[in-house]
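This report describes a protein model through its sheet, its helix packing and a few individual residues. Please read it alongside the sequence and coordinates shown below.

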Amino acid sequence: IDAIKRTEPDVIHVVDPWAVRQLGRYGIYNVALIPQAIDRRFRPQPLPEEFTIGFIGNKESGLKRFEVIEQAAQELGIRCVGIKNPPWVSDDIVEQAYKMMSCYVCASWEEGGPVPVLEALQMGRPVVTTPVGNAALFVHPGMNGEFFNGDLKTLCDAIDRVREGLEWYAKNAAATPISDPTMVCQLYE
């Protein structure tokens, strides 16, 4: 914060509303919210026959809280496909992971995006997530996903809501507008 104040930037670009609020708390108001975009365009895919939740993320990051997602799957008696990868893997591996999921789950409180939320929506996968990063810009409860407060019970409840209305959620997930990189570039300019 002190470094930002010392350098006096003309504008600070952020991808999520939380950063706007947090900087405002420190008296930094020259902040522009620019929605995150991804240039890889995934296409909606048929849902797997068996309801399956899943996650994707860097296995070295303790911030992802994979264990909460795995606990929820166990509690609900549903399949979980966790892809714990090194920091970067190919788009083909990521796409294959989403094809195995009916619903993408993000349990993190610390994300630089999260990009997987956008990818999952592009694949027509509903998202159950904490209100992390830019998730509130793209996930709309009762439509294309659900939020949970971070604990196991509310995660299980959110997954059950998606499971009960999976076709509805998946249809809306596939129709979710994701920021176009061309538009985002114009906002930066």
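The sections below go from the basis of the model to the sheet, the helices and selected loop and strand residues.

## Basis of the description

The model is predicted, with local features requiring pLDDT of at least 70 and side-chain atom pairs counted only at pLDDT 80 or more, while totals for chains, interfaces and linings use all residues. Residues are numbered from 1 along each chain as its sequence is written, and side-chain values use heavy atoms, with hydrogens and water left out.

## The sheet

Five strands form an open sheet in the order β4-β3-β5-β6-β7, with parallel pairing; strands (E, at least two residues) and helices (H or I, at least four) are DSSP runs numbered from the N terminus, and two strands pair if DSSP finds at least two bridges between them. The edges are formed by β4 (79–85) and β7 (145–147), each of which pairs on one side only. From one strand to the next, the twist averages 20 degrees.

Strand β5 (residues 103–106) is joined to β3 (residues 52–58) by two bridges, the two strands running parallel. In these bridges C103 of β5 is the partner of I53, and Y104 of β5 is the partner of G54. Three bridges join β5 to β6, again in parallel, and here Y104 has V127 of β6 as its bridge partner. In a regular strand the side chains alternate between the two faces of the sheet.

## Packing of α3 and α7

Two packed helices are described by the angle between their axes and the distance between the axes. The axes of α3 and helix α7 (residues 152–164) come within 10 Å and cross at roughly 60 degrees, where axes are lines fitted to C-alpha atoms, for helices over the stretch in contact, and angles run from 0 to 180 degrees between N-to-C directions. That angle makes α3 oblique to α7, since angles under 35 degrees count as roughly parallel, over 145 as roughly antiparallel, 65 to 115 as roughly perpendicular and the rest as oblique.

On the α3 side V68, I69, Q71, A72, E75 and L76 meet L152, L155, C156, I159, D160 and R163 of α7, contact meaning heavy atoms within 4.5 Å.

## Individual residues

T130 lies in the loop between β6 (127–129) and α6 (135–138), and T130 is buried, with a relative accessible area of 0%. Leaving out residues up to four places away in sequence, T130 touches R65, C106, A107, S108, W109, A135, F147, F148 and G150.

G57, found in strand β3, is buried too, at a relative accessible area of 7%. Apart from neighbours within four places in sequence, G57 is in contact with K64, F66, I83, K84 and N85. G57 and I69 are twelve residues apart in sequence and 12 Å apart in space, C-alpha to C-alpha.

Y29, in the loop between α2 (17–25) and β2 (31–33), counts as exposed at 67% relative accessibility. The C-alpha atoms of Y29 and W109 are separated by 24 Å, with the two residues 80 apart along the chain.

Conventions: Buried means under 20% relative accessible area, exposed over 50%, partly exposed in between (1.4 Å probe, protein chains only).
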